[in-house]
Amino acid sequence: MTSVRSGDRQPLGDAHRAEAVITSDLASVDRIASVVSIGFFDGVHVGHRAIVSRALDHGDAHGLRSVVVTFDRHPLQIVRPDAVPPLLMTTRRRAATLAATGVDLVVVLAFDEHRRAQAPA
């Protein structure tokens, strides 16, 4: 399935963008102006793709790097383990699918008690 950004753009993941970097090492990520989408994105469904597409459009319009941040496990596994929905994708497949949307960077963070308690910075 190919997703298309709004307007007359090429399909997401087209040749004008370099291949996305996937990392779990937040310390290695350059601190530069970016548009960032944060979520679990299980299934990378049409709604997720719309969010990423909008971020790509905004980044393109303003010369910003596009970044998707996701987590290594569903946050409910920590917050409410009794309410975790069945997962649609492995973390590796989700990261690769997100990278294929055309973003510049996918960051996969550990979601644990430390992340849960982390204050916004």
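1. In this note, a residue is buried when its relative accessible area is under 20%, exposed when over 50%, and partly exposed in between, with a 1.4 Å probe and protein chains only. By that cut-off, Phe71 and Phe111 are both buried.

2. The model is predicted: local features need pLDDT of at least 70, side-chain atom pairs count only at pLDDT 80 or more, and totals for chains, interfaces and linings use all residues. Residues are numbered from 1 along each chain as its sequence is written, and side-chain values use heavy atoms, with hydrogens and water left out.

3. On confidence: pLDDT is the predictor's confidence in each residue, from 0 to 100. The protein chain has a mean pLDDT of 87, and 86% of its residues reach 70 or more. Residues 1-16 have pLDDT below 50; this stretch still has 28 contacts (heavy atoms within 4.5 Å) beyond near neighbours in sequence. Where pLDDT is low, the predicted coordinates should not be read in detail.

4. On the sheet: helices (H or I, at least four residues) and strands (E, at least two) are DSSP runs, numbered from the N terminus. Four strands form an open sheet in the order S1-S4-S3-S2, with parallel pairing; two strands pair if DSSP finds at least two bridges between them. Strand S1 (21-23) and S2 are the edge strands, each pairing on one side only. On average, neighbouring strands are turned by 20 degrees against each other, direction ignored. Strand S4 (residues 105-109) pairs with S1 in the parallel sense over three bridges, and Thr23 stands opposite Val107 in S4.

5. On helix H1: this helix (residues 46-62) packs on the sheet, touching S2 and S3. The direction of H1 makes about 170 degrees with that of S2; axes are lines fitted to C-alpha atoms, for helices over the stretch in contact, and angles run from 0 to 180 degrees between N-to-C directions. Buried residues of H1 include His48, Val52, Leu56 and Gly59, and also Arg49 and Asp57. Their cover includes strand S2 (34-38), strand S3 (65-71) and helix H3 (91-99). Just after H1, Gly63 takes a positive phi of about 65 degrees.

6. On aromatic rings: rings of Phe, Tyr and Trp (its six-membered ring) pair if their centres lie within 6.5 Å; planes under 30 degrees apart count as stacked, over 60 as edge-to-face and the rest as tilted. The count is one aromatic pair. Phe71 and Phe111 form this edge-to-face pair, 5.4 Å centre to centre with 85 degrees between the planes. Phe71 lies in strand S3 and Phe111 in the loop between S4 and helix H4 (113-117), 40 residues apart.

Conventions
The expected span of a helix is 1.5 Å times one less than its number of residues.
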